[in-house]
Amino acid sequence: MKADFDIVYKNIMRRHDSTSMDFYAFLDGIENLAQRIYKNVDLGESIESFLTEANEYFESKAKATWFIIMKT
């Protein structure tokens, strides 16, 4: 999976002719990843699914981190 992210990142940066990712390149990357992960699904639905999964993932990480902080 990390290799996919690296490939997408390099392709997006090459397409936007930049060494740092601006907001439009970030959105382009999300669109690209959503299309790769959710093949044969409408673009809007794939982006929504991707963002929902990402949000759940990062919320669980934040909760786990908060629990560790409070435990110490």
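Of the contacts in the protein with a separation of 6 or more, 18% are between residues 24 or more positions apart; contact here means heavy atoms within 4.5 Å. The model is predicted, so local features need pLDDT of at least 70 and side-chain atom pairs count only at pLDDT 80 or more, while totals for chains, interfaces and linings use all residues. Residues are numbered from 1 along each chain as its sequence is written, and side-chain values use heavy atoms, with hydrogens and water left out.

**The overall layout**

The protein has three helices and zero strands, and along the sequence the pattern reads α-α-α. Helices (H or I, at least four residues) and strands (E, at least two) are DSSP runs, numbered from the N terminus. Of the 72 residues, 17% are buried. Buried means under 20% relative accessible area, exposed means over 50%, and partly exposed lies in between (1.4 Å probe, protein chains only).

**Inside the protein**

In soluble globular proteins, nonpolar side chains tend to be buried together. Here the largest nonpolar core has seven residues: V8, I12, A25, I30, L33, A34 and F50. Helices α1 (2-15) and α2 are the elements that give two or more residues to this core, and α2 gives the most, with four. A nonpolar core is a set of buried Ala, Val, Leu, Ile, Met, Phe, Trp, Tyr and Cys residues joined through side-chain atoms within 4.5 Å. Leaving aside neighbours within four places in sequence, L33 is in contact with F5, V8 and F50.

N32 sits in helix α2, which covers residues 23-37. Leaving aside neighbours within four places in sequence, N32 is in contact with V8, I12 and R15. The side chains of N32 and R36 are joined by a polar contact of 3.0 Å. A polar contact is a pair of N or O atoms within 3.5 Å; within protein, one must be able to donate a hydrogen and the other to accept it, and residues adjacent in sequence count only if both atoms are side-chain atoms.

| Residue | Relative accessible area | Class |
|---|---|---|
| N32 | 15% | buried |
| F23 | 54% | exposed |
| S46 | 1% | buried |
| L43 | 31% | partly exposed |

S46 is found in helix α3, residues 43-71. Not counting residues up to four places away in sequence, S46 touches A34, Q35, Y38 and V41. L43 also lies in helix α3. L43 and E31 are 12 residues apart in sequence and 7.7 Å apart in space, C-alpha to C-alpha.

**On the surface**

F23 belongs to helix α2. Together with Y9, M21, Y24, F26 and L27, F23 makes a nonpolar surface patch of about 650 Å². The largest share of this patch, four residues, comes from α2. Patches are made of residues with over 30% relative accessible area and no salt bridge: like charges are joined within 9 Å, and nonpolar side chains (Val, Leu, Ile, Met, Phe, Trp, Tyr) within 5 Å. A salt bridge is a side-chain nitrogen of Lys or Arg within 4 Å of a carboxyl oxygen of Asp or Glu.

Technical notes
Accessible areas come from the Shrake-Rupley method with a 1.4 Å probe; for residues, only the protein chains shown count as cover.
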